[in-house]
Amino acid sequence: MKEIILKHKQSISEQIWQFFASAKLAVTTLVLLALSSVLGTLLLQNGPEQEYIRRYGSAGYQLIKTLNLNDMYHAWWFLGLIMLLCINLIVCSFERLSSTWKIIFPKKISFNPEQFRKSKNLESFSFSKTSDTFTDDIEKLLSGKIGPVTKKEDGNTSILYAEKGRWTRLGAYIVHISILLLLIGALIGAVFGFKGWMQLNEGENSDMAMLYSGNTQVKLDFAVQCNDFEVKFYDTGRPEEFRSNLTILEDGKEILTKDIKVNHPLQYKGINIFQSSY
């Protein structure tokens with residue numbers, strides 16, 4: 001007697017779908033992003049060419065430049081990893097949505113009593129009431145505390161089943177959406193955003209920022225004026241705090257004035273203005 005096994009040959013589209021629906025892909029992408037982030041922290045970003053040559057030599061600098069490791073968070077391969085993770089999350093969510101939806105909103109509630117009889121948390125006890133009276137009392141209790149009760153009769157045995165919190169299975173999708181929003185925000189910031197700097201003395205203003213990624217300037221829709229600067233030192237001589245009083249100018253008019261400190265930026269028109277150094 002021969003055993004015949006039939007295997008369904010997946011089409012190219014099905015293979016691509018299964019590739020993006022793979023949990024291994026998600027883990028691999030997360031590990032690569034984590035390692036890349038560590039590398040980006042250790043390696044100087046947007047530094048001058050001479051500094052890279054001094055640290056890593058000409059050959060090392062050429063490799064860094066080729067792989068965009070000097071501006072890693074804008075590199076095509078880093079943005080590609082983020083996009084790959086976004087696609088993976090979306091496909092994984094759709095792949096499991098149908099089965100999850102059926103669990104949360106079943107047409108008919110069914111359960112296997114044997115599953116509970118084999119449970120390690122099974123407890124047995126005796127009671128003095130008649131079976132019918134006790135069953136009715138338990139059904140009312142479960143209905144009031146948990147929800148609708150499904151009842152089965154197995155010979156002389158009554159089986160009651162109630163469940164609550166089916167909707168909590170949507171928690172995974174809420175987490176996926178949150179991660180997607182973070183990743184999409186990172187992509188938008190990397191593609192359409194910029195990071196630059198400007199040096200202002202007291203009383204000066206400027207609407208031009210020098211980009212970290214090259215010797216390119218970008219013109220802002222407004223000017224930033226430094227009204228005052230103050231620095232405090234510890235007894236050891238180390239700086240304790242430095243503060244700048246800035247004013248936003250548009251068409252020569254003062255729009256907003258605010259003190260900024262390290263990690264306390266001025267935000268205007270989607271641009272965060274941090275105090276970096278003095």
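## Ground rules

Because the model is predicted, local features need pLDDT of at least 70 and side-chain atom pairs count only at pLDDT 80 or more, while totals for chains, interfaces and linings use all residues. Residues are numbered from 1 along each chain as its sequence is written, and side-chain values use heavy atoms, with hydrogens and water left out.

## The open sheet

Let's start with the sheet. Five strands make up an open sheet with antiparallel pairing, in the order β3-β4-β5-β6-β7. The edges belong to β3 (196-197) and β7, each with a single partner strand, so one side of each has no neighbour in the sheet. Strands here are DSSP runs (E, at least two residues; helices are H or I, at least four), numbered from the N terminus, and two strands pair if DSSP finds at least two bridges between them. In general, strands of a sheet pair through backbone hydrogen bonds, either parallel or antiparallel.

Now for the individual pairings. Strand β4 (residues 205-211) meets β5 (residues 217-233) in the antiparallel sense over five bridges, with Ser 206 opposite Val 224 of β5. On to β6 (residues 239-250): β5 and β6 pair antiparallel over 10 bridges, and Lys 232 has Glu 241 in β6 as its bridge partner. Seven bridges then join β6 to β7, again antiparallel, and Ser 244 stands opposite Ile 260 in β7.

Asp 251 has a positive phi near 55° and sits in the loop between β6 and β7 (253-260). Asp 251 is exposed, at 80% relative accessible area (exposed is over 50%, buried under 20%, partly exposed in between, with a 1.4 Å probe and protein chains only). Lys 269 likewise has a positive phi near 55°, and its place is the loop between β8 (266-268) and β9 (271-273).

## Aromatic pairs

A search of the whole structure turns up seven aromatic pairs. One of them joins Tyr 73 and Phe 78 edge-to-face, 5.3 Å centre to centre with 85° between the planes. Phe 78 is buried at 7% relative accessible area, whereas Tyr 73 is partly exposed at 32%. Rings of Phe, Tyr and Trp (its six-membered ring) pair if their centres lie within 6.5 Å; planes under 30 degrees apart are stacked, over 60 edge-to-face and the rest tilted.

Tyr 52, Tyr 56 and Tyr 61 together form one aromatic cluster.
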